[in-house]
Amino acid sequence: MPANLVNTAQRQVLIIHGWSDTSKSFHTLAEFLEKNNYQAKQLWLGDYISMDDDVRVADVGKRMAEVIDELMRTGELAASFDVIVHSTGGLVAREWLTTHYKGRAEQCPMKRLVMLAPANYGSKLAATGKSFLGRVVKGYNNWFQTGKSMLNDLELASPYQWELAQRDILVGPEALDAANPVQFYGDDKVWPFVIVGTHPYASLLRQIVNENGADGTVRACAANLNAQGVTIDFREQDSTRAITNWVSRLQSDIPLAVLPTRTHGSIIDPDRAETSNHEDIAETPEQLAQLGQVILQALGCDSFPAYQLLQTQWHDLSEATAALSKTTTEEPEFFHQYLQVNCNVVDDQGKPVTDYFLEFFADTKRNNTDANVYLHANVIEDVKTNSQNPALRNLYFDRTDLMEGYYPLLPKGTEQVLYMSISAASPGNNINYFEREKVGSAMQIPLHFLSENQQRWLKRNSTHFLQIIIPRIPNTNVFKLTKLA
């Protein structure tokens, strides 16, 4: 047996499904594992309610803790086991881990967390699921319920994702443990692995929900558990002091494998045993074998140095997927690398600012028109306002077009920087943002530097949490003193 593999015959594995699914979808994955030395008695299939409107992700995580604790008490579950999750199951596992094992992650019985197309940072389809169409299509057999509370958690840039990310990935600006951050992932703690496809659905009906850089349901950058955070405080006039990078809770980068021929449906079927997962997507024998290989690599990883090596190897695999955009006979954008920015704008009293506009451009004088037009037409592909809090927005960037299309349009010899500005409408007649007596004022700040790797904040295949603070200025009539005559 290779040195970097554990004895798989001795490990128990739990498999947890996603939204609107059941454990029945995972029989083919279980058969694949059995074929690779996992005994049927060691495989557990989890089920939870995801389509009733009153159930949140937190509720499922809480009940999961009760069930696992009881099975461990009776000895049916071992003191250490591995977990495979799909889609929303990633949020469920993270909820269970961060609430039930906060401050004692080294005691968590879950060692390897293999995440298949996890919706770690949301899904564009969550809003569709809550819509009238979603209730007709998905809720027809469930009293027209689609799991509204859970879909709220899954919606892009949701308050829940902001809060959860600051539990296990990032030390946010108001973290109480900033001096000694709590960690959940690391050498003696949990080892997460993320595997996601970047091929959209091929069947005619499913093509309706496709977008580039995604597997038909989850974006590759939203699946990737690695994330960045930054606060930009526009009360600071000096841009070097206005930006504060958030600290990461991670001991090491989490392995991410982006596979070129897998969709959200087929990511759970390594052998494509189900007819519905054939999908008529052209692939080589090597590409067909990739999914099974990376799942077994994750489950067989036996040391933290091996875990870190796997991160490097999977990075190379993901880069090879991106390189297909140069040679593919399909749409090149299928294999572009994307990123998303979850933006939260508040005033200096901490209150949400809901009516604002973000603009990106090449220089402070708004020259380089061709580059700026290209940026907004080709690089920024989508903007979504969160339905629960309009101060929260999700911006979707084609990073490949940013690096290979936008920057080459800038004149040679000029500073290659991406600037961002924000303008915010006044909340009323008595209050303005930025400047007194001026409606819709704007400020700008450099956000991305092509020439400085350490300042390349907009990273490929990842999610960025951007908190923006803007000054709230009461007009002169809000308070006055009059000298008594």
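Residues are numbered from 1 along each chain as its sequence is written. In this predicted model, local features need pLDDT of at least 70 and side-chain atom pairs count only at pLDDT 80 or more, while totals for chains, interfaces and linings use all residues; side-chain values use heavy atoms, with hydrogens and water left out.

**Overall build**

The chain holds 13 helices and 19 strands. Helices (H or I, at least four residues) and strands (E, at least two) are DSSP runs, numbered from the N terminus. The radius of gyration is 24 Å, close to the 23 Å that the globule rule gives for 485 residues, so the chain is as compact as a globular protein of that length. That radius is taken over C-alpha atoms, and the globule rule is 2.2 Å times the number of residues to the power 0.38.

**Two sheets**

Strands of a sheet pair through backbone hydrogen bonds, either parallel or antiparallel. Here, two strands pair if DSSP finds at least two bridges between them. For angles, axes are lines fitted to C-alpha atoms, for helices over the stretch in contact, and values run from 0 to 180 degrees between N-to-C directions.

Four bridges join S6 (residues 191–197) to S10. Gly197 stands opposite Leu259 in S10.

Leu339 has Phe397 of S14 as its bridge partner.

**A helix pair**

H10 (residues 285–299) also packs with H11 (residues 304–323), at an angle of about 165 degrees and with axes 12 Å apart. That makes H10 roughly antiparallel to H11, a label for angles over 145 degrees. Contact (heavy atoms within 4.5 Å) involves Gln290, Val294, Gln297 and Ala298 of H10, and Leu310, Trp314 and Leu317 of H11. Of these contact residues, five are nonpolar, two polar and none charged. Ala, Val, Leu, Ile, Met, Phe, Trp, Tyr, Cys and Pro count as nonpolar, Asp, Glu, Lys and Arg as charged, and the others, Gly among them, as polar.

Conventions
Parallel < 35°, antiparallel > 145°, perpendicular 65-115°, else oblique.
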